[in-house]
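Below is a set of questions and answers on metal sites and charged pairs, for use with the structure shown.

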Amino acid sequence: MSYFRGIAVLVLSAGANAGIVTLGASKDNTLYESGLGDVSNGVGQHCFVGLTAEPSLRRTVIQFDVEGALPAGASFVGASLTMHMSKTIAGVTPVTLHRALTEWGEGASDAAGEEGVGAPAEQGDATWIYNDYNTYYWSQWGGDFDAAPSAPAAMVGDNGHYTWGPWHGPHEDVAAWLDGSAANHGWVILGDESGGITAKRFDTRENPTEANRPVLRLYYIPACIADWNGDGSVNTNDVLGYLNEWAADAPSADLNASGNVNSLDVVEFLNNWAAGC
Ligand SMILES: [Ca+2]
Ligand SMILES: [Ca+2]
Ligand SMILES: [Ca+2]
């Protein structure tokens, strides 16, 4: 099995990501705890979660335009969020996603230096008190969000990339945004707010290092499985494209919807491939 997976990884083809859509954030910002609600970081390179030494809370808000992102007829079967954490003095600490319940903004505020204290909020920025500075308020200071996490916490330690998921199956928040049954206001991201120093600095969509910007991956099964890469013809490129995702254990490779990716899914693919579209 592992030998077969190794081969599949090597045979990268044009259709390698046929079952995966990769989205950058459409906006992101930090809510800096502040009684005046006049601090933000709309276009800064970083965003923050958790408790600072002061102590003072930080929360990140982030949104992805998932509407219309999947090809026609595709079945949504999984998702993951990856972010890059670039500065901390805290140890390993949980970071959780919570579905945002109110629209919020990203203005022109741009924090200096390490960005930990934010910048004066600009028109349209999200802040601790305003979802849209300085016109509209959150219902709750610190943002309106579902108290229950949307997914198990990521345990965030040293600098590096961290991923929530991949969630095998149509993740509830993303599925609702895709089919329009819930408004897409993105997520509020929380660190451990129970005590101690837990602050983590992540990189935003404005970060100059593209590889460190937030990424939401949507996994899907195409309307016609045989034409995996969706180019209108069924050939070996489709087999290679599928096997690449299979080797990566991607949710899109779980064709028999068993919750895991194994040789039975390859059989399922090949049967579809032989049958054509
Ligand atoms: Ca931003
Ligand atoms: Ca094809
Ligand atoms: Ca399976």
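Q: Is Asp254 buried or exposed?
A: In this predicted model, Asp254 is one of the residues that coordinate the calcium ion (ligand 3). Its relative accessibility is 8%. Buried means under 20%, so Asp254 counts as buried.

Q: What does Asn256, with a relative accessible area of 30%, count as?
A: Asn256 also coordinates the calcium ion (ligand 3), through OD1. A residue between the limits of under 20% for buried and over 50% for exposed falls in the middle class. Because its relative accessible area is 30%, Asn256 is partly exposed.

Q: What is the arrangement of the six donor atoms around the calcium ion (ligand 3)?
A: The donors are Asp254 (OD), Asn256 (OD1), Ser258 (OG), Asn260 (O), Asp265 (OD) and Asp265 (OD), at 2.2 to 2.5 Å. Six octahedral donors would ideally give angles of 90 or 180 degrees. Here the angles run from 53 to 157°, so the arrangement is irregular.

Q: Which spacing do the donors of the calcium ion (ligand 1) follow along the chain?
A: This ion is coordinated by Asp28 (O), Asp28 (OD), Gly42 (O), Glu106 (OE), Glu206 (OE) and Glu206 (OE), at 2.2 to 2.6 Å. Along the chain, the spacing is D-x13-G-x63-E-x99-E.

Q: How many residues apart are Gly42 and Glu206?
A: Both residues coordinate the calcium ion (ligand 1). Gly42 sits in the loop between strand S3 (39–40) and strand S4 (46–51), and Glu206 in the loop between strand S14 (200–203) and strand S15 (215–221). The pair links distant parts of the chain, the separation being 164 residues.

Q: Which residue forms a salt bridge with Arg205?
A: Side chains of opposite charge can pair when their charged atoms come close. For Arg205 the closest N and O atoms of the pair are 2.5 Å apart, within the 4 Å cut-off for a salt bridge. The partner lies in the loop between strand S7 (93–99) and strand S8 (119–120), so the pair ties together parts 99 residues apart in sequence. That partner is Glu106.

Q: Which residues do salt bridges that share partners join into one network?
A: Arg205, in the loop between S14 and S15, is partly exposed because its relative accessible area is 31%. Glu106 and Glu206 both coordinate the calcium ion (ligand 1). The network consists of Glu106, Arg205 and Glu206.

Q: Where does Arg59 lie?
A: Arg59 forms a salt bridge with Glu193, with the closest N and O atoms 2.8 Å apart. Glu193 is in the loop between strand S13 (187–190) and S14, so the pair connects parts 134 residues apart in sequence. Arg59 itself lies in strand S5 (residues 57–63).

Methods: Residues are numbered from 1 along each chain as its sequence is written. Chains are lettered from A and ligands numbered from 1 in the order in which they are written. This is a predicted model: local features need pLDDT of at least 70, side-chain atom pairs count only at pLDDT 80 or more; totals for chains, interfaces and linings use all residues. Side-chain values use heavy atoms; hydrogens and water are left out. Donors are N, O and S atoms within 2.8 Å of the metal (3.2 Å for Na, K and Ca); water is not among the atoms, so sites may look incomplete. Helices (H or I, at least four residues) and strands (E, at least two) are DSSP runs, numbered from the N terminus. Four donors count as tetrahedral if all angles lie between 85 and 135 degrees; four count as square planar and six as octahedral if opposite donors are over 155 degrees apart and all others between 65 and 115; anything else is irregular. Buried means under 20% relative accessible area, exposed over 50%, partly exposed in between (1.4 Å probe, protein chains only). A salt bridge is a side-chain nitrogen of Lys or Arg within 4 Å of a carboxyl oxygen of Asp or Glu.
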